[in-house]
Structure formats: structure tokens, C-alpha cells
Amino acid sequence: YQRRVRASTETKTPAKRVKAEDGKKRGRRSQQEEEEPEFKWWLEEVDPESKGGKPKYKWQSLQHNGVWFTPEYVPHGIKMKYDGKAVDLTSEQEEVATYFAKYLETDHYLKPQFRTNFFEAFLEVLNPKRSKKKHVIKKFDLCDFTPITNYLKEQSEKRKNRSKQEKEIEKEEKKVIQEKYGWALVN
């Protein structure tokens, strides 16, 4: 037998009271009654070489549609500033700068370690190994990501102001992806 396993982290809704044919409420129907029977791997053959007597197999087969990758990054062309001057960035560099700009007005930005870790990773993207020419950006304190942050705010407002029909279309597209990639068959 097989069972369908959801790949999302959503919590299951609690079981609901069920009305009997006579109209009275009776107990709760468990979700196990609705789903196919579970494979109880912990009751299966024990591997003699494992510590603690763990089962030899937790499942016998796995069937899924693979993973879904997000679409490629599309550059927006907004330049960040360094020491008051606009700086040209490659698509990859712009993507990293945009990612960081999303966090400027969050609690993460207030943590010094977060900023330090970002800038180290950003420098690696700015100055790839075996690159002869070093990038202009050298100090985090001189970086100004506000032009990118302002652009992101504008895009966010545009998304919020879309029509209900446009939002429904996007919701349906996400639902199709979830139906295809959001589960696996395990037995």
C-alpha cells in the first residue's frame, strides 16, 4: 500500500465533530480514518548492526515529481550607491544587493553579525576568485542600498494594488505548482 505525503509544513486541521444519522453529535472522527493506512516502519525488521535496534528500512519506495526551482533572477537595473556615487553591478551582484536591501528595515539588519556575514558574502560576489580587477566597493559603511529598497517598496505597492482577478490568477498558478511538486508517495 502507498500513502501520499504532503511536502509543505502546514499544520493539519483538527478533526471535526460528526453528526450521526439521528442528528446527534458523536465523538470526533480521526484523520487516520480519512487517510490511507500508515506504514509503521518502526514495527518492521530490526537492523542488528544499528545502535538502539533501529528498523532496517523506514520505507521501501519513494515517488515524486522532483523539485521546483524558482524562475531565473531578472535584473531591475537600479544602482546602489557607494560613497555617494552610483555603482554598476552585474546581474549576480545586483541579485545579492537586492536580497540584502529587503532586510534593511527589519530586525535582522540591526544585528551586527548579520551585516558582517552579508558583506563577506557580498565581497566574494564582487571580487570572484581569479579576478584581476578588484571592485570599487571595499567598506560596508560606505554602501547605500536605499535606491534598491525604494524600488522594492514601489514593486510591493504595485503587487498590493493589483486587481482581485490578477491575484486569483497568481494564486491558481501557485496551486498548480503545489499540486505537481508538493507531495510524494511513500510506502
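**Salt bridges, strands and helix packing**

Modeller: A search of the whole structure, which is a predicted model, finds five salt bridges.

Biologist: Which residue meets arginine 159 in a salt bridge?

Modeller: Arginine 159 belongs to helix H5, residues 146–160, and its partner to helix H6, residues 164–181, so the pair ties together parts that are eleven residues apart in sequence. The N to O distance between the two side chains is 3.4 Å. The partner is glutamate 170.

Biologist: Is glutamate 170 buried or exposed?

Modeller: The relative accessibility of glutamate 170 is 17%. Because buried means under 20% relative accessible area, the residue falls in that class. Glutamate 170 therefore counts as buried.

Biologist: What is the relative accessible area of arginine 162, which also meets glutamate 170 in a salt bridge?

Modeller: The side chains of arginine 162 and glutamate 170 come to 2.5 Å, N to O. Arginine 159 is partly exposed, at 45%. Arginine 162 is partly exposed as well, with a relative accessible area of 23%.

Biologist: What is the strand order in the open sheet of three strands?

Modeller: The edge strands, each pairing on one side only, are strand E6 (85–87) and strand E7 (143–144). Strand E5, residues 80–82, pairs with E7 in the antiparallel sense over two bridges. The pairing in the sheet is antiparallel, and the order is E6-E5-E7.

Biologist: Which residue in E7 stands opposite tyrosine 82?

Modeller: Tyrosine 82 falls within the range of strand E5, residues 80–82, which pairs with E7. The residue opposite tyrosine 82 in E7 is cysteine 143.

Biologist: Are helices H2 and H5 roughly parallel or roughly perpendicular to each other?

Modeller: Helix H2, residues 91–101, packs against H5 with the axes 9 Å apart and at an angle of about 70°. Angles of 65 to 115 degrees count as roughly perpendicular. H2 and H5 are therefore roughly perpendicular.

Biologist: How many charged residues are there in the contact of H2 with H5?

Modeller: From H2, the contact involves Ala97, Thr98 and Ala101, which meet Ile148, Thr149 and Leu152 in H5. These residues divide into four nonpolar and two polar.

Biologist: How many helices and strands does the chain have?

Modeller: From the N terminus on, the elements run β-β-β-α-β-β-β-α-α-α-β-α-α-β. The secondary structure comes to six helices and eight strands.

Biologist: What percentage of the residues in the chain is buried?

Modeller: The chain has 187 residues. Buried means under 20% relative accessible area. By that cut-off, buried residues make up 18%.

Terms used:
Residues are numbered from 1 along each chain as its sequence is written. This is a predicted model: local features need pLDDT of at least 70, side-chain atom pairs count only at pLDDT 80 or more; totals for chains, interfaces and linings use all residues. Side-chain values use heavy atoms; hydrogens and water are left out. A salt bridge is a side-chain nitrogen of Lys or Arg within 4 Å of a carboxyl oxygen of Asp or Glu. Helices (H or I, at least four residues) and strands (E, at least two) are DSSP runs, numbered from the N terminus. Buried means under 20% relative accessible area, exposed over 50%, partly exposed in between (1.4 Å probe, protein chains only). Two strands pair if DSSP finds at least two bridges between them. Axes are lines fitted to C-alpha atoms, for helices over the stretch in contact, and angles run from 0 to 180 degrees between N-to-C directions. Angles under 35 degrees count as roughly parallel, over 145 as roughly antiparallel, 65 to 115 as roughly perpendicular and the rest as oblique. Contact means heavy atoms within 4.5 Å. Ala, Val, Leu, Ile, Met, Phe, Trp, Tyr, Cys and Pro count as nonpolar, Asp, Glu, Lys and Arg as charged, and the others, Gly among them, as polar.
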